[in-house]
Every structure is written in structure tokens, then in C-alpha cells.
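Please read this report with the sequence and the structure side by side. The sections take up one topic at a time.

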Amino acid sequence: MDLIKSPSYKIILKLSFPVIIGMLMHYILAFADRFFISKLGINQAAGTSLSGTLYWVLMSFTPIITGGTSAIVSRKVGEQNNKEATEGAEQSILLSIVVG
């Protein structure tokens, strides 16, 4: 993959394709879960819908933490400041554990 000569939209699509497929599989799984649980009753279906929404809100923190960690650690490694890079990585791991 030539990042300089290729059009940027093709590169973005090629790199994002695994994420798109993963998200699609999550939606299919959630749909199947709600379909079968809805046969148990309306309250059970409402519970899965609420928990599904809460799950997606919590999961949205993952790319935020990952992006921040990558930026901080790569910047500190580029500055040859390994102590602060290690501290940034440790804080990110701790934050990931706290968030879940």
C-alpha cells in the first residue's frame, strides 16, 4: 500500500474495513439477542435494549483512551523521554481498568 501515491479515501477504506466488519458483527449479534429475548416478554426486551445502549456508551471510551495513549506515548518516545512514556502507558492501563 503506497500511502503517498494512493488516493486517501482508498487508504482510509482499506484500513477501516476490519473495524467496519467488527461493528457489523456486533450489530448482528445484538439484533439476534434482542430477537430471541423479545419472545420472553416486553420487559426483558426493554432490559436488553437498555443494557445494549449502556454497553455502547462504555465501549466508546476505548478508542478515546487508545488514541490518547498512542499520542502521549509516541510523543514521549520520540523525545527520548522513556520515563514519561512509561508513566503515560501505566496511567492508560490504570484508566482502562477503572473504566472497564
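## The largest pocket

Helix 1 and helix 2 (42-59) each supply at least two residues of the lining of the largest pocket. The model is a predicted one, and the volume of this pocket comes to about 180 Å³. Which helix gives the largest share of the lining? Helix 1 does, with six residues.

The residues that line the largest pocket are His26, Leu29, Ala30, Asp33, Arg34, Ile37, Thr48, Ser51, Gly52, Tyr55 and Trp56. Tyr55 and Trp56, both named in that lining, return below as members of an aromatic cluster.

## Helix 1 and the segment before it

Helix 1 covers residues 8-38, which is 31 residues. From its first C-alpha to its last, helix 1 reaches 43 Å, close to the 45 Å expected at 1.5 Å a residue. Where in helix 1 does a kink lie? The kink is at Ser16, shortly before the proline Pro18, and its angle is about 45°. As background, residues three or four places apart in an α-helix point the same way, because the helix has 3.6 residues a turn.

Two residues can be picked out in the segment before helix 1. One of them is Lys5, which is exposed because its relative accessible area of 73% is over the cut-off of 50%. In sequence, Lys5 and Leu15 are 10 residues apart, and their C-alpha atoms are 16 Å apart in space. Pro7 also lies in this segment. With a relative accessible area of 35%, Pro7 is partly exposed. Between Pro7 and Val73 there are 66 residues in sequence and 29 Å in space, taken from C-alpha to C-alpha.

## Aromatic residues

How many aromatic pairs does the structure hold? There are three. In the pair of Phe35 and Phe36, the ring centres are 5.1 Å apart and the planes stand at 80°, so this pair is edge-to-face. Phe35 is partly exposed at a relative accessible area of 41%, whereas Phe36 counts as exposed at 56% relative accessibility.

The rings of Tyr55 and Trp56 have their centres 5.5 Å apart and their planes at 75°, so they too make an edge-to-face pair. Tyr55 counts as partly exposed, at 36% relative accessibility. Trp56 also counts as partly exposed, at 26%.

## From helix 2 to helix 3

Ser60 sits in the loop between helix 2 and helix 3. At 35% relative accessibility, Ser60 counts as partly exposed. Ser60 and Ala45 are separated by 15 residues in sequence and by 23 Å in space, C-alpha to C-alpha.

Ile72 is located in helix 3, and with a relative accessible area of 47% Ile72 is partly exposed. Ile72 and Ala85 are 13 residues apart in sequence, while the distance between their C-alpha atoms is 7.1 Å.

Gln80 belongs to the loop between helix 3 and helix 4. Is Gln80 buried or exposed? Gln80 counts as exposed, at 66% relative accessibility. The phi of Gln80 is near 60°, which is a positive value in a residue other than glycine. For comparison, most residues other than glycine have a negative phi. The place of this positive phi in the chain is just after helix 3.

Helix 4 consists of residues 82-99, and Ser92 is in it. Ser92 counts as buried because its relative accessibility of 11% is under the cut-off of 20%. Which residues does Ser92 touch, not counting residues up to four places away in sequence? Ser92 touches Ile65 and Thr69.

Methods
Residues numbered from 1 in each chain as written. Predicted model: local features only at pLDDT ≥ 70, side-chain atom pairs only at ≥ 80, totals over all residues. Heavy atoms only, no water. Helix = DSSP H or I, 4+ residues; strand = E, 2+ residues; numbered from the N terminus. Expected span 1.5 Å × (residues − 1). Bend = angle between axes of the 7 residues up to and from the residue. Buried < 20%, exposed > 50% of the residue type's maximum accessible area, 1.4 Å probe, protein only. Contact = heavy atoms within 4.5 Å. Phe/Tyr/Trp six-rings, centres within 6.5 Å; stacked < 30°, edge-to-face > 60°. 1 Å grid on protein atoms, 1.4 Å probe; cavity = no way out; pocket = protein on both sides within 12 Å on 5 of 7 lines; lining within 4 Å. Points joined across faces, edges and corners; volume = space filled by probe spheres on them.
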